[in-house]
Amino acid sequence: MLNDTSTSKLLSAKKRLKQAEAAKKLAEQDAAKKISEPSNQKSTDEASLFRAAVKDVKPFTAPPKDDYKLKPKPIPLQFIRDEQQALVDSLSDHYIPAHEIETGEELLYLRDGHSPDILSKLRRGHWVIQAKIDLHGLISDEARLYVSSFISDCKKRGIRCVRIVHGKGLGSRNREPVLKNKLRGWLMQKDEVIAYAEAKKQDGGSGAVIVLLKA
């Protein structure tokens, strides 16, 4: 058994050991603090320099999302007017038909260089009517522009066979088909037109014409 002296020495030794461990731990903490201090100081200095550099800069405020939408292109009204006028000017009201075929009151037309069979097929309804317009209620200039624009548009869309309703002139001053007579000349002046024939009764008869366009 340990006597009192031995026990006292043992406790004293343990106490010194704990003190030594505590002193070592404190020294390690001090050393770590000294190592980190320059880094922290450097970060603080860089932050201060950045704030000084941007102190006069105004923050950017992004515009609302809608401001980024593409604005529609302006409509070229003058170009459209010029184009329409060119279509009107391309057709004359004083054109004298030279190749129109008359069969009684029925009017037929076939452009030179094409087979007569085309007229027979057109009259029989060989081609399906793909588009149509009605000129009722239009004055001559309006009808001329309408017809010219319609045929040009059909050509662009690859439409071959169309019907144009011109009326029988029953509502005109002299009860004469004014638009019908003018339409004949307009159609002959259009290079896109191969042939035309009076419509069948169910398609308008003498008040309409079936027109075949170039492919």
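User: How much of the protein counts as buried, and what makes a residue buried here?

Analyst: In this predicted model, 27% of the 215 residues count as buried. Buried means under 20% relative accessible area.

User: Why is Leu-119 called buried?

Analyst: Leu-119 has 8% relative accessibility, and the cut-off is under 20%, so Leu-119 counts as buried. Leu-119 is found in helix α3.

User: What is the order of the elements?

Analyst: The protein has five helices and six strands. From the N terminus on, they run α-α-β-β-α-β-α-β-α-β-β.

User: What makes β4 an enclosed strand?

Analyst: Strand β4 covers residues 161–165, and five of its five residues are buried, so β4 is largely enclosed by the rest of the structure. Cys-161, Arg-163 and Val-165 point one way from β4, Val-162 and Ile-164 point the other way, and all are buried. In a regular strand the side chains alternate between the two faces of the sheet.

User: How do you know that β4 pairs with β3 and with β6?

Analyst: Two strands pair if there are at least two bridges between them. Strand β3, residues 131–134, is joined to β4 by four bridges, and the two run parallel. Ile-133 has Ile-164 as its bridge partner in β4, and Ala-131 stands opposite Val-162 of β4. Between β4 and β6 there are five bridges, in the antiparallel sense. Val-162 has Val-211 as its bridge partner in β6, while Cys-161 stands opposite Leu-212 of β6. Both bridge counts, four for β3 with β4 and five for β4 with β6, meet the cut-off of at least two.

User: What is the hand of the crossover from β3 to β4, and why is it called that?

Analyst: From β3 the chain crosses through helix α4, residues 140–157, to β4, and this β-α-β crossover is right-handed. The term applies if, with the strands pointing away from the viewer, the path from the first strand over the helix to the second runs clockwise.

User: Which residues of β3 are on its covered face, and which on its uncovered face?

Analyst: Ala-131 and Ile-133 make up the covered face of β3, and Lys-132 and Asp-134 the uncovered one.

User: What makes β6 a mostly covered strand?

Analyst: Six of the six residues of β6 are buried. Ala-208, Ile-210 and Leu-212 point one way from β6, Val-209, Val-211 and Leu-213 point the other way, and all are buried. Besides its bridges to β4, β6 pairs with β5 in the antiparallel sense over five bridges. In that pair, Ala-197 stands opposite Ile-210 of β6.

User: How many cavities are counted, and what makes a space a cavity?

Analyst: A cavity is a set of points where a 1.4 Å probe fits but cannot get out. The count comes to one cavity of 30 Å³ or more. The largest cavity holds about 100 Å³ of space.

User: Which residues line the largest cavity, and which elements give two or more of them?

Analyst: The lining consists of Leu-107, His-166, Lys-180, Leu-183, Arg-184, Leu-187, Tyr-196, Glu-198, Ala-208 and Val-209. The elements giving two or more residues are α5 (178–189), β5 (193–198) and β6 (208–213). With four residues, α5 gives the most.

User: How do the lining residues divide by class?

Analyst: By class, the lining of the largest cavity has six nonpolar, one polar and three charged residues. Tyr counts as nonpolar, and Glu, Lys and Arg count as charged.

Definitions and conventions: Residues are numbered from 1 along each chain as its sequence is written. This is a predicted model: local features need pLDDT of at least 70, side-chain atom pairs count only at pLDDT 80 or more; totals for chains, interfaces and linings use all residues. Side-chain values use heavy atoms; hydrogens and water are left out. On a 1 Å grid over the protein atoms alone, a cavity is a set of points where a 1.4 Å probe fits but cannot get out, and a pocket is an open set with protein on both sides within 12 Å along at least five of seven lines; lining residues have an atom within 4 Å of a point. Grid points are joined across faces, edges and corners, and a volume is the space filled by probe spheres set on the points. Buried means under 20% relative accessible area, exposed over 50%, partly exposed in between (1.4 Å probe, protein chains only).
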